[in-house]
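Q: I have a model open here and want to go through its contacts and packing. Can you walk me through it?

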Amino acid sequence: MANWYVKRGSQVAGPLTRERLNQLAAEGKVQKTDLVREGEEGEFHPASDVNDLFTGSESPAWDEFEAGPETQPQPSHAAPKKSNTTLIVILAVIGVGGIFMVMVLVALLLPAVEQAREAARRSTSKNNLKQIGLALHNYHDMYRQFPVGGTFDKAGQPQHSWATQLLPYLDHKTLYEQINFDQPWTAADNREPFKTRLHVLQSPGMPYDFTEAEGDAAGYKPAHYAANSRVLSANSGMDLRKIKDGTSNTILAGEVRSGIKAWGDPTNFRDPTEGINRNPRGFGSKFKGGTHVLLGDGSVRFLSEDIDPGVLK
């Protein structure tokens with residue numbers, strides 16, 4: 001026996017036997033204005049066209065129609081949209097879990113990344129000091145002594161620094177030739193050369209320009225390394241023969257982290273007896289625990305900030 005389907009608006013009921021269909025029509029739950037179809041496929045037709053279907057009175061109450069287990073979606077139409085709540089919950093859980101995992105990985109990787117960056121900065125600073133050491137020795141080979149820490153005229157006015165005298169040995173001969181040594185480094189004729197940034201004299205992790213705390217440097221570029229005032233001092237440059245404690249035990253230069261001076265400043269030297277990371281008159285760095293120093297033999301060592309100033313002397 002063929003199955004029957006009843007359609008009212010977007011709702012479809014069925015499959016129904018012909019006997020059940022007749023019963024619903026007799027109860028007024030199937031009306032003449034409804035559409036019916038005999039079989040699983042085919043088009044719907046007005047219920048009034050079905051022979052012997054309506055024998056009783058009609059009822060306008062569709063909500064009394066028995067949908068129950070016999071009601072199913074129309075096969076030829078799209079199924080009703082299912083709720084996306086479950087999918088949204090699953091995606092939310094996955095998203096939150098993913099974010100948490102990323103946060104954990106970042107927390108684990110950050111120390112390693114920072115350690116790698118710190119190691120790279122240390123390596124660059126050590127290499128800068130080695131280049132300065134090579135330049136000092138090349139200067140010594142030429143003049144039989146190291147450059148003076150800073151030149152001062154007869155009136156005691158500062159003229160030029162040890163770093164300026166090393167320019168030809170730091171691959172900056174052209175810059176060296178632009179400087180008028182008959183004028184102090186702060187003279188108007190010399191302003192532009194000393195506004196040149198020298199990467200070999202700048203430590204990574206330190207500002208490439210002067211900060212407000214360091215005062216107005218008139219556009220001059222800083223040096224993050226200073227000479228040992230006990231070897232390279234005012235109008236005095238020591239030669240290797242006068243280093244009695246041995247070149248491997250004598251500091252020539254080192255890192256500085258405060259009281260920064262311009263690389264052209266003739267007063268850019270420090271006294272190691274002031275200790276490490278203790279005050280602006282001594283050596284120091286941004287690296288944890290100590291600072292790098294250049295020794296007379298050209299080697300670079302990392303000195304602890306806990307070292308006895310007497311040993312440094």
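Q: Setting aside neighbours within four places in sequence, what is Thr164 in contact with?
A: Thr164 is in contact with Tyr176, Ile179, Phe181, Phe194, Trp263 and Gly264. Contact here means heavy atoms within 4.5 Å.

Q: Before we go on, what sort of model is this?
A: It is a predicted model, where local features need pLDDT of at least 70 and side-chain atom pairs count only at pLDDT 80 or more, while totals for chains, interfaces and linings use all residues. Residues are numbered from 1 along each chain as its sequence is written, and side-chain values use heavy atoms, with hydrogens and water left out.

Q: Back to Thr164. Which helix is it in, and is it buried or exposed?
A: Thr164 is in helix α3. Helices are DSSP runs of H or I with at least four residues, strands are runs of E with at least two, and both are numbered from the N terminus. Thr164 is buried, at a relative accessible area of 0%. Buried means under 20% relative accessible area, exposed over 50%, and partly exposed in between, with a 1.4 Å probe and protein chains only.

Q: What does its side chain make a polar contact with?
A: The side chain of Ser161, at 3.1 Å from that of Thr164. A polar contact is a pair of N or O atoms within 3.5 Å; within protein, one must be able to donate a hydrogen and the other to accept it, and residues adjacent in sequence count only if both atoms are side-chain atoms.

Q: Aromatics next. How many aromatic pairs are there?
A: The count comes to six aromatic pairs. Rings of Phe, Tyr and Trp (its six-membered ring) pair if their centres lie within 6.5 Å; planes under 30 degrees apart are stacked, over 60 edge-to-face, and the rest tilted. Tyr139 and Tyr169 form an edge-to-face pair, 5.8 Å centre to centre with 75° between the planes.

Q: Where do those two sit?
A: Tyr139 is in helix α2 (residues 85-143) and Tyr169 in the loop between α3 (162-165) and α4 (173-177), so the pair ties together parts 30 residues apart in sequence. Tyr139 counts as buried at 10% relative accessibility, whereas Tyr169 is partly exposed at 24%.

Q: Which residues form the aromatic cluster?
A: Trp185, Phe194, Tyr220 and Trp263 form one aromatic cluster. Phe194 and Trp263 are also among the contacts of Thr164. Trp185 is buried at 8%, and Tyr220 at 7%.
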